[in-house]
Amino acid sequence: SPEHVFPYLADMRNLPHWGEGITATRQINGDAPAEDAIYRCTLGPDLPVIGGITGDYLMFSLEPNSSIFCRFESPLLQCEDTYVFTAETVDDCSAETLLSIRDVLTPPPLMSLASAILAPLIRAQIEKDCENLKRELAK
């Protein structure tokens, strides 16, 4: 249910458990989970193009059990993430939580030419993240 998924995703300290290639995340500002919280995040060296960098996740909007909007900022890139939660009834008795993830990547000018190459890599990354997240939430 969104009530189960939302708090887990809103606390970015959980990101290394489901974010493919995320090696560490720690809170450096604010209360978790809350708007204005900031998390320092380290991406592992195995990630294509962006591996080995450290940046900050800034939480901008948290609508309980509905949506999360945050931004990752580093010297190498900026990425805006939107998570939207929807509850759906299945078979008249059970419910599923549908999660929509949207990433908008803003590379620096020199890397913007590589957008066509980066787009499929980002899509594959989101698919891996979703698989990992399902596994984590099932525990």
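## Model and confidence

This is a predicted model, in which local features need pLDDT of at least 70, side-chain atom pairs count only at pLDDT 80 or more, and totals for chains, interfaces and linings use all residues. Residues are numbered from 1 along each chain as its sequence is written, and side-chain values use heavy atoms, with hydrogens and water left out.

The protein averages a pLDDT of 82 (the predictor's confidence in each residue, from 0 to 100). A score of at least 70 is reached by 85% of the residues. Among the elements, helix α2 (residues 15-18) has the highest mean pLDDT, 92. Strand β6 (residues 94-106) has the lowest, 75. Helices (H or I, at least four residues) and strands (E, at least two) are DSSP runs, numbered from the N terminus.

## Aromatic pairs

The whole structure holds 4 aromatic pairs. Rings of Phe, Tyr and Trp (its six-membered ring) pair if their centres lie within 6.5 Å; planes under 30 degrees apart count as stacked, over 60 as edge-to-face and the rest as tilted. One of the pairs is Phe-6 with Phe-85, edge-to-face, at 5.7 Å centre to centre and 75° between the planes. Phe-6 lies in helix α1 (residues 2-10) and Phe-85 in strand β5 (residues 78-90), so this pair ties together parts 79 residues apart in sequence. Phe-6 is buried, at 8% relative accessible area, and Phe-85 is buried at 6%. Buried means under 20% relative accessible area, exposed over 50%, partly exposed in between (1.4 Å probe, protein chains only).

Tyr-57 and Phe-72 form a tilted pair, because their ring centres are 5.3 Å apart and their planes sit at 55°. Tyr-57 is in strand β3 (residues 54-63) and Phe-72 in strand β4 (residues 67-73), 15 residues apart. Tyr-57 is buried at 10%; Phe-72 is buried at 5%.

## Nonpolar core

The largest nonpolar core has 27 residues. Such a core is a set of buried Ala, Val, Leu, Ile, Met, Phe, Trp, Tyr and Cys residues joined through side-chain atoms within 4.5 Å. Among the residues touching the most other members are Tyr-57, Ile-68 and Phe-72. Helix α1 gives the most to this core, with 5 residues.

Beyond four places in sequence, Ile-68 has contacts (heavy atoms within 4.5 Å) including Phe-6, Leu-9, Met-59, Tyr-83 and Phe-85.

## Asp-11

Asp-11 sits in the loop between α1 and α2. Asp-11 is buried, at 12% relative accessible area. Beyond four places in sequence, Asp-11 touches Ala-32, Pro-33 and Tyr-39.
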